[in-house]
Amino acid sequence: MTSWSRQLHREGVTIGFVPTMGALHNGHRALIRAARLQCDALVVSIFVNPTQFAPTEDLAKYPRPIAKDRALCRAEGVDICFEPTVKAMYPEGFDTVVTVPGIARRWEGEIRPHHFAGVATVVTKLFGIVRPDVAVFGQKDFQQAALVRRVIDDLSMGVKLIVHPTVREADGLAMSSRNVYLSATERSLAPVLYKSLLAGAQAIRGGIKDGKQISSIMRTIVEQQTKATVDYLVACDPETLEPWSGTVSRVVLLGAIRLGSVRLIDNLAVTVPKQPARAALTGRIQE
Ligand code: AMP
């Protein structure tokens, strides 16, 4: 992989990169298509990174439909499907950890304490191997994209980061490789997470500037409609990921819930209006 990318760089060919854990769906496909437009040669990595899973999480049962994934990559004109082994990525003696404590402190980082160190380390290593000019990540994992931006900037990696909007099912559920774990009943309830984010966005557009109130509006929707456990449903500053103070004009609503044994995450960016939207005040749904 490294000698191929070195050779391409010598020839002046630009490299685009989409890192994934496989079990590819239309969300990944959208990232691949966005990357395809930005570069001459396109690399997709498929690597279920063990260091970003806690021992209690789903590493062993994470879906690995590799033949299907390769077919999708081939159909989308991917030049290289990079599938390193765990041993090749983490040989004996591997000892480096990349941490981004500020970004990793809250939300996903609080619930999954070692997750983001695993992500930052593997992304740094993958960038070192693939040497991309452009990398595409999904907004679906908002905190992860913020973390990657920080790593690229702080370590002067010179990689252009593109964050692609979340791709959803027709009923609003964000596509995810883990959605296959949902039972039929859980699947029918799963769009409640996105619905709660829409309600939070509507409340902000209607003039509510209190993050706690927004949280409780979102939480009520999930709790009234399901027995899901709410890990967090919060309004944050999209730059710092700190709770929204009501002063900055951009907000991101971040949410994670557990439906049975399945954990769903999602988010929605909102622009705070200078004047509260009338439709939102009268309670009409805007999206
Ligand atoms: P994963 O295979 O889950 O590690 O995801 C690989 C990349 O695809 C990450 O940058 C994710 O944010 C992105 N991604 C996953 N699901 C979606 C989605 N529904 N829409 C857009 N991007 C996504």
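Colleague: Which residues line the largest cavity in this structure?

Modeller: This is a predicted model, and in it the largest cavity is lined by K140, L173, A174, S176, N179, L193, R263, L264, I265 and D266. A residue counts as lining when one of its atoms lies within 4 Å of a cavity point. Strand 8, residues 262-271, gives the largest share of this lining, with four residues.

Colleague: What makes a space a cavity rather than a pocket?

Modeller: A 1.4 Å probe fits inside a cavity but cannot get out, whereas a pocket is open. Rolling a probe the size of a water molecule over the atoms shows where empty space is left. The largest cavity has a volume of about 50 Å³. With a cut-off of 30 Å³ or more, the count is one cavity.

Colleague: How do the residues of that lining divide into nonpolar, polar and charged?

Modeller: Five are nonpolar, two are polar and three are charged. Lys, Arg and Asp belong to the charged group, and the lining includes K140, R263 and D266.

Colleague: Are C39 and C73 buried or exposed?

Modeller: Buried means under 20% relative accessible area. C39 has 11%, so C39 counts as buried. C73 has 3%, so C73 is buried too.

Colleague: Why is M157 called partly exposed?

Modeller: M157 has a relative accessibility of 23%. M157 is found in the loop between helix 8 (142-154) and strand 5 (160-164).

Colleague: What is M157 in contact with, leaving aside its neighbours within four places in sequence?

Modeller: T124, F127, V151 and I152. Each of these contacts requires heavy atoms within 4.5 Å. As for G128, which is 29 residues from M157 along the chain, the two C-alpha atoms are separated by 9.0 Å.

Colleague: What makes E76 and R29 a salt bridge?

Modeller: Their side chains meet with N and O 2.9 Å apart. The cut-off is 4 Å, so the pair counts as a salt bridge. It links distant parts of the chain, with E76 in the loop between helix 3 (66-75) and strand 3 (80-82) and R29 in helix 2 (residues 26-36), 47 residues apart. At 12%, E76 counts as buried, while R29, at 23%, is partly exposed.

Colleague: How do you know that R36 and D79 form a salt bridge?

Modeller: The closest N and O atoms are 3.2 Å apart, and 4 Å is the limit, so the pair qualifies. R36 is in helix 2 and D79 is in the loop between helix 3 and strand 3, 43 residues apart. R36 has a relative accessible area of 25% and D79 has 41%, so both are partly exposed.

Colleague: How many salt bridges does a search of the whole structure find?

Modeller: It finds 15. Among the linked residues are E108, D231, R258 and R263, which are joined in a network. R263 also lines the largest cavity.

Notes:
Residues are numbered from 1 along each chain as its sequence is written. This is a predicted model: local features need pLDDT of at least 70, side-chain atom pairs count only at pLDDT 80 or more; totals for chains, interfaces and linings use all residues. Side-chain values use heavy atoms; hydrogens and water are left out. On a 1 Å grid over the protein atoms alone, a cavity is a set of points where a 1.4 Å probe fits but cannot get out, and a pocket is an open set with protein on both sides within 12 Å along at least five of seven lines; lining residues have an atom within 4 Å of a point. Grid points are joined across faces, edges and corners, and a volume is the space filled by probe spheres set on the points. Helices (H or I, at least four residues) and strands (E, at least two) are DSSP runs, numbered from the N terminus. Buried means under 20% relative accessible area, exposed over 50%, partly exposed in between (1.4 Å probe, protein chains only).
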